[in-house]
Every structure is written in C-alpha cells, then in structure tokens.
Amino acid sequence: MAKLHVSTTINGEPQEFLCDAEQSMLDVLRGPLGLTGSKEGCGTGDCGACTITVNGRIVCSCLMLAAEAEGQQIGTIEGMAGEELHPLQQKFLESAALQCGICTPGVLMAAKALLEQNPDPTEHEVRFWLAGNLCRCTGYDKIIRAVMDTAADMRGAAR
Amino acid sequence: MDIQYVAPKTLDEAVRAFAAAAAGSGRILAGGTDLLVQMRNGVVAPGMIVDIKKIGELTAIEETGEGGFRIGAAVSGAVLREHPRLSKVWPGVVEATNLIGSTQIQGRATPGGNLCNGSPAGDSVPAMVAAGAIVIIQGPNGRRELAVEKVPKGPGRLNLEPGEIVVAFTLPPRSKGSSDAYLRMIPRTEMDIAVVGCGVSLTIDKGTCTAARVGLGAVAPTVLLVEEAAKALIGSTLDEAALAKAAAACSAACRPIDDKRGTIAYRTKVAGVLLKRTALIAAERAGGK
C-alpha cells in the first residue's frame, strides 16, 4: 500500500516524510529522519524517554502515530540547544544529573516545558510533573535539584 | 496487513469512514494512549484508524449556561485542566481525568477514549457518572444520547452499535451549592490503576444534601451508578449515620474481582471508605460542610 505523505514542522524547520499508517512518531524520528536523541524505553508510554513536544505540549512519541504530525509543530531534544546549551542541559552536566543518559532527553524536554509555563515550581510540582519520566540510575534527587536550580538561575537572569 | 489512516475534518466524514471499514476492523483514534499500546501488543489489529482530533466538535469545550458544559470526546486531560471555568464548577470531573497517567499522557488522553476503552477502572468514568453526564453518540443511523453509565457493557465492551462514535459529554446545569469530587485508591502515589475509584456529585442547601449522585469504579465489570448510596445522602446533613449508610450501600453494590491490586474484601471495604471521604470533599467544595 502507498505510504502516507506527511508535511510537518520539526524544531522550526519544515519537514516532509513518508510513513506507514501504524508507524509511530518515534520510529520515524529515529529512523528516516535520523533524529536519534529521542529514545525508546518501554514503547508503551510509561517511561517518558521518547518525550517530544507537539504544539508545545509534551507527549510520548511512542504513543503518537507519525501520520498525526501532519500540520503540527514538533519539538525534539535536537532543537533544545541553540548556539549554546540550554540552561537545563548545562545544569544537568554540572550537577551530574544523569548517569547512563537514556532518560535524559525525555527528562530535559519535560523539564523545559514545565519551566516555560511555571518558572517557579515547588519541588512537589517538579516531582509530579516529571512522574512520567523514569530513571533507573540517579534515584531522581539530582534531576529534581538540577531542575530547581535551573529554574532559580533563569529567574535570576530574567530579573 | 495494510492499515489505513484517515483524519476527517467533519463528523459526517468520520462516521462514513468508520462505518465503511470492514466489519469491526475500524478503530477510533483520540489520544491513542490505549490504542497504540494495544496495537503494539497485538491485542487489536485495526484495518482502519479514524483520527477524530481534526473535528472541531470533538475537540471543543463549550459552556451551555448555568454551569452546564459540553466536552468534546477528544479533548485532552491537559486542555480540560486549563479551561478557566470548568474546574470551578466540575472539579471532580477534572481531577478524575487528570489522575490518568503522566503529564505526557495528559497531553493526549481523553475522556472519550477513557470511556470507550471500556475498563472498569477508568478514572474519569465514575466522576462522569456522578456528574450525570449524557453521552452524545453519532452513527450511520443518526444521533442519539445515552446516560454515561449505560455506555459500558463489560470489560472492553460497549453498548454502541457498529459505526457509532462518541462525540461529546454533556454536563447538566448546576444549582447553587453544588460541587463534585473524585478519589481513587492506589497502592502508590501516582501512575497506577485504581483499586477503587469513587465519584460524588451533590448539592447542599442550608446544610442539607438535596441532590446526590455516586459513581464507583474498579469494583464490578463496569463502572456503577450507586443509587442507594445517593438516597442515603439526600435529605441528610452528611452526618456520620448517613455517611455510614451510604458507605454500606457502596460496599453492597460491589461485585469486584480478586487480583494483584486488591482482594474482593479489600475493594469492598475501601469502596465505603472512599464514599465517605469523597462526599465530604464534594460537600466542602459546595460550601455546605
């Protein structure tokens, strides 16, 4: 059967691709589009390693059909850094808020979305927001602290 | 096998496409958080996927006056939460829907999908039952309405005719002093499936409960409307005796299974405990207790 033709925007750039009806967004990102920053952990929406944004909202790309990207604004971890790393990325490096790194792209995408809508989250809010991002290395504490510290830095920079 | 994907812009087109799919092979895609997992696990192998998120009526929240709302079946939990007034009038419906999964899941998962997945443990369903939600359904033979508690038939099975699509939920107008609440029991704090879920919607007038509805989840093959529990609350001041009677009615309505999440005895007891707590939260929100 003929493939579906999809026109979308990924990290601000127009992008077209062909996919099968049942193919997930994650498969297309990691396969034909070569954007391997999004990881497949569970494939069932439990771990958050495949987190991307669709029109600014975080979703698990393993639970989205690639065909659904038609006309949408997609954001992936590859679009997070500009000329310099995003403050969250820099803070994660400085505070060793990662070990194996598989969960990190998803955690960063989710944390960025949180800080965009809530620049001053409580620890409780950070923990609940990131409850869909599983990490088997860090025990979460360094991740939570890095997000809180970045939020404080960004608030300071904004003043 | 070849799978077709269509994303129609109108409900009529969606109904036609869904009805045209070879017998039983069509699947409606709303948030996809159940459907894609089921496809991956080989539980379902659709011949056609009908994505309903491009249809305006299915993705809109409308206020119908006096606290009434019409919620499109494909509205995500995140959009429900962000609505400026829905949480004020129907906090129980919103908190129940928002208990489903993580932030990422909330960006996609929908009350329509939660209902049509047919799980007895779907969190939004008992709250919708308590709210007295009416489901608008459209199919090849036109449009009809069904009380939300009449939609589930059993685990994974619905009282929908072939080709019918759930379009929206209608929440009725609210009199003053009304509110609702939803509580669920899970063995951890987040990201789990209800052992028992309880929704209560009520009206308090001068300290007396004048109207109530109770929905119970995860204690029977379908979500239950527990009319005996509501009767025990109505006319009372939600005193301990009335709450105990309503709790007993909830426990009596339970026909649960034993599984790794909870035993029959445990679920039956917890159903009563949750009723008391949920009713008091709803009453406090209504300003009456």
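The model is predicted: local features need pLDDT of at least 70, side-chain atom pairs count only at pLDDT 80 or more, and totals for chains, interfaces and linings use all residues. Residues are numbered from 1 along each chain as its sequence is written, while chains are lettered from A and ligands numbered from 1 in the order in which they are written.

I begin with the domains. Chain B is assigned domain 1 (4-51), domain 2 (56-171) and domain 3 (178-286), the bounds coming from an automatic or database domain assignment. Between the C-alpha centres of domain 1 of chain B and domain 2 of chain B there are 18 Å. Their contact takes eleven residues from domain 1 of chain B and 19 residues from domain 2 of chain B; two residues are in contact if their C-beta atoms, placed from the backbone, lie within 7 Å. On the side of domain 1 of chain B that touches domain 2 of chain B, helix α1 (residues 11-20) of chain B gives the most, with five residues. Helices (H or I, at least four residues) and strands (E, at least two) are DSSP runs, numbered from the N terminus.

I turn to the sheet. Three strands of chain B form an open sheet in the order β1-β3-β2, with parallel pairing; strands pair if DSSP finds at least two bridges between them. β1 (4-6) and β2 (26-29) of chain B stand at the edges, each with a single partner strand, so one side of each is left without a neighbour in the sheet. Four bridges join β2(B) to strand β3 (residues 48-51) of chain B, and Leu29(B) stands opposite Asp51(B) in β3(B).

Next comes the helix pair. The axes of helix α5 (residues 91-98) and helix α8 (residues 124-131) of chain B come within 8 Å and cross at roughly 165°. Axes are lines fitted to C-alpha atoms, for helices over the stretch in contact, and angles run from 0 to 180 degrees between N-to-C directions. That crossing angle makes α5(B) roughly antiparallel to α8(B), a term for angles over 145 degrees. Among the residues in this contact are Gly92(B) and Val93(B) in α5(B), and Ser124(B) and Pro126(B) in α8(B).

Finally, the chains. In the contact between them, 24 residues of chain A meet 22 residues of chain B. The largest share of the side of chain A that touches chain B, four residues, comes from β4(A).

Conventions: Angles under 35 degrees count as roughly parallel, over 145 as roughly antiparallel, 65 to 115 as roughly perpendicular and the rest as oblique.
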